[in-house]
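Keep the viewer open and follow the stops below in order. Each one says what to select and what is there.

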There are 6 protein chains.
Amino acid sequence: MPKILWINPIGTADYDQSLQKWINTAKRPDTIAKVVSLEKGPFSTEYRYYGALVLTDILHQVKQAENDGYDAAITGCFCDIGLREAREIAEKLVVAGPGESCLHIAASLGHSFSLIVPRKELIAKLYEKVVMKYGFGNQLASYKPLDMGVHDFQESQAETARRIEAVAKEAVENDLAEVIILGCGLQYGFYEVLQDKLGVPVIDAVVAALKHAEMGIELRKRLGWGHSKRYEYESPPAEEIKRWELADQYPGVKGL
Amino acid sequence: MPKILWINPIGTADYDQSLQKWINTAKRPDTIAKVVSLEKGPFSTEYRYYGALVLTDILHQVKQAENDGYDAAITGCFCDIGLREAREIAEKLVVAGPGESCLHIAASLGHSFSLIVPRKELIAKLYEKVVMKYGFGNQLASYKPLDMGVHDFQESQAETARRIEAVAKEAVENDLAEVIILGCGLQYGFYEVLQDKLGVPVIDAVVAALKHAEMGIELRKRLGWGHSKRYEYESPPAEEIKRWELADQYPGVKGL
Amino acid sequence: MPKILWINPIGTADYDQSLQKWINTAKRPDTIAKVVSLEKGPFSTEYRYYGALVLTDILHQVKQAENDGYDAAITGCFCDIGLREAREIAEKLVVAGPGESCLHIAASLGHSFSLIVPRKELIAKLYEKVVMKYGFGNQLASYKPLDMGVHDFQESQAETARRIEAVAKEAVENDLAEVIILGCGLQYGFYEVLQDKLGVPVIDAVVAALKHAEMGIELRKRLGWGHSKRYEYESPPAEEIKRWELADQYPGVKGL
Amino acid sequence: MPKILWINPIGTADYDQSLQKWINTAKRPDTIAKVVSLEKGPFSTEYRYYGALVLTDILHQVKQAENDGYDAAITGCFCDIGLREAREIAEKLVVAGPGESCLHIAASLGHSFSLIVPRKELIAKLYEKVVMKYGFGNQLASYKPLDMGVHDFQESQAETARRIEAVAKEAVENDLAEVIILGCGLQYGFYEVLQDKLGVPVIDAVVAALKHAEMGIELRKRLGWGHSKRYEYESPPAEEIKRWELADQYPGVKGL
Amino acid sequence: MPKILWINPIGTADYDQSLQKWINTAKRPDTIAKVVSLEKGPFSTEYRYYGALVLTDILHQVKQAENDGYDAAITGCFCDIGLREAREIAEKLVVAGPGESCLHIAASLGHSFSLIVPRKELIAKLYEKVVMKYGFGNQLASYKPLDMGVHDFQESQAETARRIEAVAKEAVENDLAEVIILGCGLQYGFYEVLQDKLGVPVIDAVVAALKHAEMGIELRKRLGWGHSKRYEYESPPAEEIKRWELADQYPGVKGL
Amino acid sequence: MPKILWINPIGTADYDQSLQKWINTAKRPDTIAKVVSLEKGPFSTEYRYYGALVLTDILHQVKQAENDGYDAAITGCFCDIGLREAREIAEKLVVAGPGESCLHIAASLGHSFSLIVPRKELIAKLYEKVVMKYGFGNQLASYKPLDMGVHDFQESQAETARRIEAVAKEAVENDLAEVIILGCGLQYGFYEVLQDKLGVPVIDAVVAALKHAEMGIELRKRLGWGHSKRYEYESPPAEEIKRWELADQYPGVKGL
């Protein structure tokens, strides 16, 4: 049975339970998915600095997951914090991220997509980097800011739904978006009603990453198609890690 | 149980049986996959003209598949002949193609890929179009021609394996490719041995499309994430098709 | 005397006469230009599926034109349906298309152009593909939809002229377009009045393709500069066509 | 009768006669084409500085040509020195240049082209700028330097032909070029033999510009499609030129 | 002591004094900066033709500056007229231009910038060329025209300040610009007040070029990092200049 | 007096002294530059994982430098680890990095550059990311691997010099590079001899970053041109950092 660890990369367990529920509704019956958050850290990753603070804890959780027999880990932030680093230190583990997953899924459902984002301040800081990193700049119809903080999404769900619908409609009618991406892991729970109203697919970031991970496991196990370990994801040599006594310096390293 | 139709877009059934076997080894246990070829047509799609000849027959088979209760159809040529048109006329059916599937899978396994192609003559004609269409030009390490016709691949399997291995090694060592894509549906059967030898993932085009289709069905059925019917894939209006009496003119249209 | 065949790729002869007239006003005195439409087929090519239905008939008309001694054929739809395939099967015949012709002419008349298109729905489906295919994305100022069907253009010419003028003015003043392209073969007859009013060149798609074809013939005959038959436009081998008995299967193939 | 002025932008009349002859063999029967060179200036434009020295003399000759009733002027250097400036000051005159003409013609003859250039030193200085300026970077197969000075081409024609053939063959076979462009106005006289040998179109820069100019005149006169005078090619106001007494300062300005 | 020549490339000394004052407030204490304008020429460089008229005089002033012991010269127009040509003929002299300097400085201060330009007519003619030439197209947030002539900026400073502030605010709030560039040498004197009001850096083109030149001198003198003389900036050979007697034909050439 | 902190982002002080010496030879007389390394951490940043391990320590050193009255900090690895994050948390401090500095300096010295890199394995992992991040992909001539580890550079200086010279010559002669960048902070000490031999500028990464920092300080102090704090580099709100008690969780946070 495929085992997936969802790492919510923030220092609060506030969302763990509802995320776990949400994921349970979407996972394949035989998938075992577990949600964890970090023991310490900021409550959001809206700033690059917050992302930096949580980075090594994410990586060590990923490596621990591999050691514990998980088949996949998900770095659960739309910006895919630590995704590439995690693939570097993982040997066989599949590592997925919501940003990459959403963009790939959107790209085969339609010609162009719009990203629903919390605030316009985050476009340059986070979203443009994600879109460019995966090479989908030509398919971007627009960024649509909601003018909300990430913690507001689940607080006032009715207002969130109302705002998302309003900007998503603009995206489809004016910006000619064919697919809507809910560009934040905490916008979970809204896609179904919305896509019925809009008549276009609406991608939930949590579900997208989960499905990508499930598919990744299948590709890995059945076909041997895992992350290439040449060049980009080549692992650091164990010998160096030992020689430099990194495990003594960073507790998490002992898992490597 | 997910039902998938693999359309081998050539006018010979010569490969149906071995492809069916190959697909059976790779499909999920509960997937029903059926291979068909065309009743008439050229034996390859190495020329755009050949692709043009078979185009409507592919499309009508796709539509028929939808009408017959299939969940997905695959236009089984690396150039994805008819893929976009098929998505236009399909309502709920998932339509996948080897080119799109291979490129998407390769893109999340590594930084760059090389495409193993039959002859250098086909690079401009077919392969560059595929790579550009899906926006993965920046991740292309190289095209590696085998200097073989597409029908030679299964004829002399040992020679094919030898040549693929030689150019794939060059791709990895000199062109810094992290993933190898076998860029033709008839290069099936070689990826496993090859990836063991090379130490990087080797993508089989048949299997990649199959897996993409299986995932597409899951996304469609469980989540409602199908091809967007706004803009790019908007269907032609039934009323026009009727008014212009297209079904009287083209036998296949009656399925629409 | 240069002989050009204009293929109106739709299954109605409704426009043949007026297009013939229009072309006669623009052709060089010594050019012989003949307009034909298809014996069967949809009345427009607004959907990719319609384009697929008419594709082989276009190609076989092109090949027949070559066999009948024509010097050039024009695939008369802005999306240049079949243009590349036609160049593949033609030996010496010049093949031109309105999309390619308009973009090339516009590119040497000014820095940027706007495309006047029937409906916004067609931008992703057709127009973006044309602009990207020929590499002129950087020179695109905007797409300006008229919110009209292609058959409305000649129906209510006054209304058409009024709408084109309104959006073209916006294109020039707000989007900084330097050249206007009338992005549909059925927008013929409007450019002259419009360019007098706007003070910028307005490219008529029918005339542009005609002129491109006339120039192409001159280049071909005087200088030997025809479509390169290496790689992209390499013809399918006659031997294969014969061996696979394609002429028995598709009536039009016998011309090859 | 269309009148075209070919401006050889160098300070020697050494090539005037042979260029005139060459052009006479290629022009339409009713075209009047006259070759002139500059009264002063360097003998080549291989350096940007040389191009700067001759720039105003070219522009004033262009303007004089317009005043003298010419229909078109050609700035006869592959780098199209002064082309954009000339279009700015011209009112109705068509202005063509070999670089733009060659690239446009090549782009509709095949998928990719190689540029035969005198020396590798000129690639960054001149050729990359031309290719980028017109947006054809994606179609460039390669630059092939001859390791010759521009004045050597006509000196030792046999050697020139031999070298061009050698690098052009490489371009076609190794770099997959479908069209060859002779990237210097002084490589005239070689294309015909060469294209017979190579089997792909070989574009002569002098002839290409001549044909582009002839076509430009036809578009201008018959259809009113001249260079757009909005934005990019907007003319400097006569009032300013007068107020600043430019004609007293620069002899050539009096033609404006 | 580093000596810099600022060449105001227009035929009027009207701005020399106030520019000299402005530069004196910004230069390093030990820098000697001198402002000159041209003996003849148009009063602005808003048209390419004007740029062509002044080009050789700029270049010869640059070369004279090198001969007179200057360490750097600045071609003082945002479009960097003659910048590349000047680097070609200079041996050791640093040559800077406001366009290049502003874009490089802006690029390390933030993610995106807006360019405040005189009139929308100049965007295609001048500004797009500058932005593209240096490869910063991806960082452009917007062009914001002031609808003013270049000579109005210093005439009615209060109005200029008011307009710049209005469009710059739009740029920051709506277009998400992080840095504002005052895209004309004659918009000097406004940046300080403006950046206090806006809260983002506002780049003055005169000061930016001055600072770039000061840094360039330091790199040149301390580290030997001057403009590379291979390929792009390779100098024309003195022997050719002599053989062609260019100094007799163009007075300025004698400095070379 | 401008104070600059050079952070060598590795957990060994082995290079501190020689780097300090090297920097002292290149700094402006009135600059105070101090080299530090990290108290813990890997000895190189050749893997992304190593970069992750040292990231927060770098950031907290940067912030501490700001609190201690430094004017600039340099994140001393060619990949600019932490550069963007550091600018986010800095208020007035200038933050520079070798990668950004080298590319900007190279871009105004010539048309194209080659990057001398330790091993080919690092191209995808590190170097392509740097080149793409700053938008200089079009100016890259080539990557030239030395096939050496980063610690070998100073070990066997003669061998290092020999290898660099060999590949740099290839870069200039074959790849047409106009500028050479020594793409690793530990390749210090080689540029001067090399650029004398090659005749093109050779950029030392340590010196480049130092000079960029000195210039950045000047721009910041004299002109107020610091990193824009809108959008990309907006600081995380102090209130959040306090509310989430981050300083209790991460020792370094208390500096914020």
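Select helix H4 (residues 98-109) of chain E: this helix lies across strand E5 (113-117), E7 and E8 of chain E, and runs at about 170° to E7(E). Helices (H or I, at least four residues) and strands (E, at least two) are DSSP runs, numbered from the N terminus. Axes are lines fitted to C-alpha atoms, for helices over the stretch in contact, and angles run from 0 to 180 degrees between N-to-C directions. Two residues are in contact if their C-beta atoms, placed from the backbone, lie within 7 Å.

This is a predicted model, in which local features need pLDDT of at least 70 and side-chain atom pairs count only at pLDDT 80 or more, while totals for chains, interfaces and linings use all residues. Residues are numbered from 1 along each chain as its sequence is written, and chains are lettered from A and ligands numbered from 1 in the order in which they are written.

In chain E, four strands form an open sheet with parallel pairing, in the order E6-E5-E7-E8. Strands pair if DSSP finds at least two bridges between them. Which strands are at the edges? They are strand E6 (140-145) and strand E8 (202-204) of chain E, each of which pairs on one side only. From one strand to the next, the twist averages 20°. Zoom in on strand E7 (residues 179-182) of chain E: three bridges join this strand to E8(E), and the two run parallel. E:Ile181 stands opposite E:Ile203 in E8(E).

Stay in chain E and select E:Val172, in helix H7 (residues 157-173). Is E:Val172 buried or exposed? E:Val172 is buried, because 21 other C-beta atoms lie within 10 Å. The cut-offs are 20 or more other C-beta atoms within 10 Å for buried, 12 or fewer for exposed, and partly exposed in between, with C-beta atoms placed from the backbone. Leaving aside neighbours within four places in sequence, E:Val172 is in contact with E:Ala177, E:Leu198, E:Val200 and F:Arg230. E:Gly199 is 27 residues from E:Val172 in sequence, and their C-alpha atoms are 9.6 Å apart.

Move to F:Ile203. The largest nonpolar core has 607 residues, and B:Ile203, D:Ile203 and F:Ile203 have the most contacts inside it. Such a core is a set of buried Ala, Val, Leu, Ile, Met, Phe, Trp, Tyr and Cys residues joined through C-beta atoms within 7 Å. Beyond four places in sequence, the contacts of F:Ile203 include E:Trp225, F:Cys102 and F:Tyr191.

In chain D, select strand E1 (residues 3-8), where five of the six residues are buried. E1(D) pairs with strand E2 (residues 32-37) of chain D in the parallel sense over six bridges. The bridge partner of D:Ile7 in E2(D) is D:Val36.

Finally, show chains A and B. Chain A can be laid on chain B with an RMSD of 0.0 Å by a turn of 180° and a shift of 0.0 Å along the axis, with copies superposed by least squares on the C-alpha atoms of residues with pLDDT of at least 70 in both. That is the relation of a two-fold axis. Between them, 36 residues of chain A are in contact with 36 residues of chain B. H9(A) gives the most to the side of chain A that touches chain B, with six residues.
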